[in-house]
Amino acid sequence: FENHLHGSLRGRLIGRIAADLRAATPQDILTRSMEIVEARECREKRTLVEDILNQAKQGGPGVSGLAETLQALGLGQVHTLIVDETLHVSAWLCRNCGALPPAEAASCPQCQGPVERLEDVVERAVEDAIRDNSQIRFVKENEPLRQAGGIAALLRFRASKSFALSS
């Protein structure tokens with residue numbers, strides 16, 4: 001079968017299923033195909049998380065943790081947002097710069113902008129990523145991401161610290 005595929009399609013194959021076509025039902029083929037697709041997506045997400053967290057540790061184009069990720073979203077830096085699908089955090093958030101001020105602060109300590117209480121700041125992060133045309137990946141059961149705060153991002157660019165604090 002593979003020999004009859006165009007080369008560009010052959011290069012996109014991600015797995016093979018051995019099946020008796022007389023005995024297998026379409027549902028059997030679909031179920032086995034979805035297992036292959038899900039396994040590949042899991043590997044790709046695990047690799048993406050590792051890459052982003054390594055970039056963040058090395059000062060490259062990556063950030064991890066809620067505060068740094070929200071700041072990067074506020075500056076339009078985020079190319080790919082990655083979120084633990086179980087992460088839900090309520091917090092105070094600056095409306096101007098996206099900083100996370102101490103609880104019930106009257107204004108943002110970084111830019112003196114107004115702050116608001118959000119029941120789910122992660123939902124806001126996802127909305128911001130959508131608005132900026134960032135890619136978004138939700139992952140489950142990824143311990144390194146959980147240890148890094150459950151949220152991280154691969155950046156389009158890294159703003160200098162003076163720019164980040166002055167905007």
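Mentor: They are L70, L73, V78, L81, V121 and I151, out of 21 residues in the largest nonpolar core. Members come from α3 (66-74), β2 (78-84), β3 (91-94), α4 (121-131) and β6 (151-155), each supplying at least two. The largest share is that of α4, with five residues.

This is a predicted model, in which local features need pLDDT of at least 70 and side-chain atom pairs count only at pLDDT 80 or more, while totals for chains, interfaces and linings use all residues. Residues are numbered from 1 along each chain as its sequence is written, and side-chain values use heavy atoms, with hydrogens and water left out.

A nonpolar core is a set of buried Ala, Val, Leu, Ile, Met, Phe, Trp, Tyr and Cys residues joined through side-chain atoms within 4.5 Å; buried means under 20% relative accessible area, exposed over 50% and partly exposed in between, with a 1.4 Å probe and protein chains only. Helices (H or I, at least four residues) and strands (E, at least two) are DSSP runs numbered from the N terminus.

Not counting residues up to four places away in sequence, L70 touches L93, G98, L100, V121 and A125 (contact means heavy atoms within 4.5 Å). A second, separate core has nine residues, including L48, I52, L145 and A152.

L93 also has a charged partner: beyond its neighbours within four places in sequence, E116 contacts A91, W92, L93, R95 and R124. E116 lies in strand β4 (residues 115-118) and counts as buried because its relative accessibility is 18%.
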